[in-house]
Amino acid sequence: MPSTHPTPSNRPVRLRRVDAGDIRRRQLIEATIVAIAEVGFNATTIAEIARRADVSTGLVSFYFGDKDGLLEATLRHLARELSRGAAARMRDATTPRARVQAVIETMLGASQFERGIGTVWLAFWAQVPHSPNFARVQRAYHARLATNLSYALRPILMRDPARSLAETIASMIDGLWLRATLANDPDGRTARSVASAFVDSQFMLLGIGR
């Protein structure tokens with residue numbers, strides 16, 4: 001007698017409900033990124049963001065409280081996207097050196113040197129000394145970067161040497177990004193090349209194979 005139970009292929013698929021609030025928050029964050037890139041940090045007002053997102057200023061306040069709340073959420077969004085990108089690349093890497101390279105390719109990827117994104121990052125980092133909230137996000141971002149690199153190195157180095165080298169690579173990545181962005185490097189190719197050569201030299205000095 002044939003089974004009356006549905007087979008896995010014809011069972012209804014339960015889709016995750018898309019939250020309208022999440023969509024609206026994302027829309028406002030994207031409008032904030034575009035506004036900062038085009039008119040600058042100081043000229044990016046709640047009214048400017050609301051106009052670009054085609055919503056009322058009251059809706060911005062409803063979701064984020066005030067301008068500072070929206071700006072912090074935008075910075076967290078950018079940092080989170082970078083971390084997710086690095087994690088995804090690292091999952092596909094099969095060796096410690098490849099995992100380090102995955103971080104380099106993400107943090108110094110061509111998308112991070114696009115005029116709009118570079119301008120937004122520079123604008124945010126310039127505000128870190130004046131904003132405890134931005135400073136907190138920056139510390140978390142740097143800690144995640146160093147953790148990813150340390151994780152990649154742990155199979156071949158003891159904990160302390162791995163942390164030390166991870167911090168050095170992280171600092172180099174930040175410095176190369178800043179230099180390339182200020183020099184209007186169109187795709188960060190030189191920055192990635194320098195970072196990769198530095199890591200290779202460190203592996204050689206430590207007697208570690210690729």
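The legends below describe close-up views of a predicted model.

The model is predicted, so local features need pLDDT of at least 70 and side-chain atom pairs count only at pLDDT 80 or more, whereas totals for chains, interfaces and linings use all residues. Residues are numbered from 1 along each chain as its sequence is written, and side-chain values use heavy atoms, with hydrogens and water left out.

**View 1. Helix α7 and what covers it.**
Helix α7 spans residues 132–153; helices are DSSP runs of H or I with at least four residues, numbered from the N terminus. Its 22 residues reach 31 Å from the first C-alpha to the last, close to the 32 Å expected at 1.5 Å a residue. That expected span is 1.5 Å times one less than the number of residues. The buried residues of α7 include Phe134, Tyr141, His142, Leu145, Ala146, Leu149 and Leu153. Buried means under 20% relative accessible area, exposed means over 50%, and partly exposed lies in between (1.4 Å probe, protein chains only). Among the elements that cover these buried residues are α4 (67–92), α5 (96–107), α6 (115–127), α8 (159–182) and α9 (189–205).

**View 2. Leu153 in the largest nonpolar core.**
The largest nonpolar core has 59 residues. A nonpolar core is a set of buried Ala, Val, Leu, Ile, Met, Phe, Trp, Tyr and Cys residues joined through side-chain atoms within 4.5 Å. The residues with the most contacts inside this core are Leu108, Phe124, Leu149, Leu153, Ile169 and Ile173. With neighbours within four places in sequence left aside, Leu153 is in contact with Val100, Ala162, Leu165, Ala166, Ile169 and Phe203. Contact means heavy atoms within 4.5 Å.

Glu167 lies in helix α8 and is partly exposed, with a relative accessible area of 37%. Which residues does Glu167 contact, leaving aside its neighbours within four places in sequence? They are His142 and Ala146, both listed among the buried residues of α7. Glu167 and Leu145 are 22 residues apart in sequence, and their C-alpha atoms are 8.6 Å apart in space.

Arg97 lies in helix α5. Is Arg97 buried or exposed? Its relative accessible area is 3%, so Arg97 is buried. The Arg97 side chain reaches the backbone oxygen of Ser196 at 3.2 Å.

Side chains of opposite charge can pair when their charged atoms come close. A salt bridge here is a side-chain nitrogen of Lys or Arg within 4 Å of a carboxyl oxygen of Asp or Glu, and the count comes to 11 salt bridges. Glu72 and Arg76 meet in one of them at 3.0 Å, N to O. These two residues are 4 residues apart in helix α4, so about one helical turn separates Glu72 from Arg76. Glu72 is buried at 14% relative accessibility, whereas Arg76 is partly exposed at 34%. Also in helix α4, Arg84 and Glu81 lie 3 residues apart, about one turn of the helix, and their side chains form a salt bridge at 3.6 Å, N to O. Arg84 is exposed, with a relative accessible area of 51%, and Glu81 is partly exposed at 35%. Another salt bridge joins the side chains of Arg159 and Asp160 (3.8 Å, N to O); Arg159 is partly exposed, with a relative accessible area of 49%. Salt bridges that share partners link Glu38, Glu48, Arg51 and Arg52 into one network.

**View 3. Aromatic pairs.**
The structure holds 7 aromatic pairs. Rings of Phe, Tyr and Trp (its six-membered ring) pair if their centres lie within 6.5 Å; planes under 30 degrees apart count as stacked, over 60 as edge-to-face and the rest as tilted. The ring centres of Phe62 and Tyr63 are 5.0 Å apart with planes at 75°, so this pair is edge-to-face. Phe62 is exposed, with a relative accessible area of 63%, whereas Tyr63 is partly exposed at 22%. The rings of Trp125 and Tyr141 have centres 5.6 Å apart and planes at 40°, so the pair is tilted. Because Trp125 lies in helix α6 and Tyr141 in helix α7, the pair ties together parts that are 16 residues apart in sequence. Trp125 is partly exposed at 22% relative accessibility, and Tyr141 is buried at 12%. Phe41, Phe124 and Phe134 form one aromatic cluster.

Note on methods. Polar contact = N/O pair within 3.5 Å; in protein donor to acceptor, adjacent residues only side chain to side chain.
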